[in-house]
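Subject: Structure handover

Hello,

Here is the structure I promised to pass on. Please open it beside this email and follow along.

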Amino acid sequence: MADTSRETVVVVGLGNMGLEIAINLAGNGYRVAGCDPDPQRRALADRYDEIDTFADPSELPASDTVVLSLPSPAVSMKLIETLGPRLGGRTVFVETSTVGPHDMVAFGEACDRHGVKIIDAAVMAGVDQMRAGRAVLLVGGDPAVIEHARGVLDAFSRRVTVFGGLGSGMAAKVINNAIAHALMVVFVEAGAMATSAGIATDAMLTLLTDAEMGIHRPLTYRYAERVRRGDFEGGMPISAARKDSTLALDLAQRLQVPIFTIQAAQSVYDIALASGYSDLDYSAIARLWEVWGTPAAQGLEGTPQ
């Protein structure tokens, strides 16, 4: 017989990530109603006494919190439209699927029609990290709604960071992943240049991971301090950065190493130089985005809490 003394959380989607979310919730004081059309996924969840499984969303019990872990925005929308009309006004959908911020806005409008609420809780973790309880959630939505779901969020993550309104958590994940994927190209390009130049990979890694140089300074100093404060006086001038970049392009060409991202970045320094920013610190390339109407930072007061 089900333990009715424990709050029930619904988890729709028992794929690799959804199953681990359900297991974490079950291990942290919640009764879980897990839903998935795949009998093999339900069988994996049925091994846990605290998880009851369902094949059909229409059979799910009422719950204050419904966690979505689904393969596409269309499937999420279908679930919201299916479950929303029969759930109470206290119900909060927690969207953990990877969707765009514009999808969250559409989900929010659907929830409003049905008198329920939704927040985005983008998962920054792989399956192994979720299993180990090390997942981080990037959350967006109404503060009161987030607070209502806070206990559930804390039960399957080690940290919850609120970024702003609905969709902001998903936007933060998309941006973070875009950086990671672009850097992967840069690292591969740099690695190919290094090996072609006869530099040992370990030696190159030691240089790149040094906290006082390498890849850290552009983020922890130039973006975190200079760009956020609009402080571009002194430092390494754009003219010098462009010179170094030109040398890198020349080296790649001489070594016959194909490069893409590093070459594209050179164009930004060309534009900055032509815009009269030659003597400013090279972080002043951020001024270009300000001129284009899309500032690269909001300032210290705009950082997430």
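**Helix α11 and its surroundings**

Start with helix α11. Its buried residues are I238, A241, S245, L249 and A252. Seen down the axis of α11, these buried residues fall within an arc of 80°, so they line one face of the helix. There is a general rule to keep in mind here. An α-helix has 3.6 residues a turn, so residues three or four places apart point the same way.

Before going on, a caution: this is a predicted model.

The face turned away from the buried side carries the exposed residues K243, L247 and R254.

How long is α11? The helix runs over residues 238–255, which is 18 residues. From its first C-alpha to its last it reaches 25 Å. That is close to the 26 Å expected at 1.5 Å a residue.

What covers the buried residues of α11? The cover includes α8 (168–196) and α12 (261–274).

Look at Q266, which is found in helix α12. Q266 has a relative accessible area of 7%. Buried means under 20%, so Q266 counts as buried. Leaving out residues up to four places away in sequence, Q266 touches R242, S245, T246 and L249. Of the residues on that list, S245 and L249 are also buried residues of α11.

Next comes Q256, which follows α11. Q256 sits in the loop between α11 and α12. Is Q256 buried or exposed? Its relative accessibility is 70%, so Q256 counts as exposed.

Check the backbone there too. Q256 has a positive phi of about 60°, although it is not a glycine. Most residues other than glycine have a negative phi.

**Helices α3 and α4**

Now move to another pair of helices. Two packed helices are described by the angle between their axes and the distance between the axes. Helix α3 covers residues 73–83, and helix α4 covers residues 101–114. They pack at an angle of about 10°. Their axes are 10 Å apart. That angle makes α3 roughly parallel to α4.

Which residues make the contact? From α3 they are P73, S76, M77, I80 and E81. From α4 they are D103, A106, F107, A110, C111, R113 and H114. Sorted by class, the contact has 7 nonpolar, 2 polar and 3 charged residues.

G108 is buried, with a relative accessible area of 9%. Not counting residues up to four places away in sequence, G108 touches I118 and L166. The C-alpha atoms of G108 and I271 are separated by 40 Å. Along the chain, the two residues are 163 residues apart.

**The whole protein**

Finally, zoom out. The secondary structure comes to 13 helices and 8 strands. The C-alpha trace spans about 70 × 40 × 30 Å along its principal axes. The protein has 305 residues, and buried residues make up 39% of them.

Best wishes

Conventions
Residues are numbered from 1 along each chain as its sequence is written. This is a predicted model: local features need pLDDT of at least 70, side-chain atom pairs count only at pLDDT 80 or more; totals for chains, interfaces and linings use all residues. Side-chain values use heavy atoms; hydrogens and water are left out. Axes are lines fitted to C-alpha atoms, for helices over the stretch in contact, and angles run from 0 to 180 degrees between N-to-C directions. Helices (H or I, at least four residues) and strands (E, at least two) are DSSP runs, numbered from the N terminus. Angles under 35 degrees count as roughly parallel, over 145 as roughly antiparallel, 65 to 115 as roughly perpendicular and the rest as oblique. Contact means heavy atoms within 4.5 Å. Ala, Val, Leu, Ile, Met, Phe, Trp, Tyr, Cys and Pro count as nonpolar, Asp, Glu, Lys and Arg as charged, and the others, Gly among them, as polar. The expected span of a helix is 1.5 Å times one less than its number of residues. Buried means under 20% relative accessible area, exposed over 50%, partly exposed in between (1.4 Å probe, protein chains only). The arc is that of the directions from the helix axis to the C-beta atoms.
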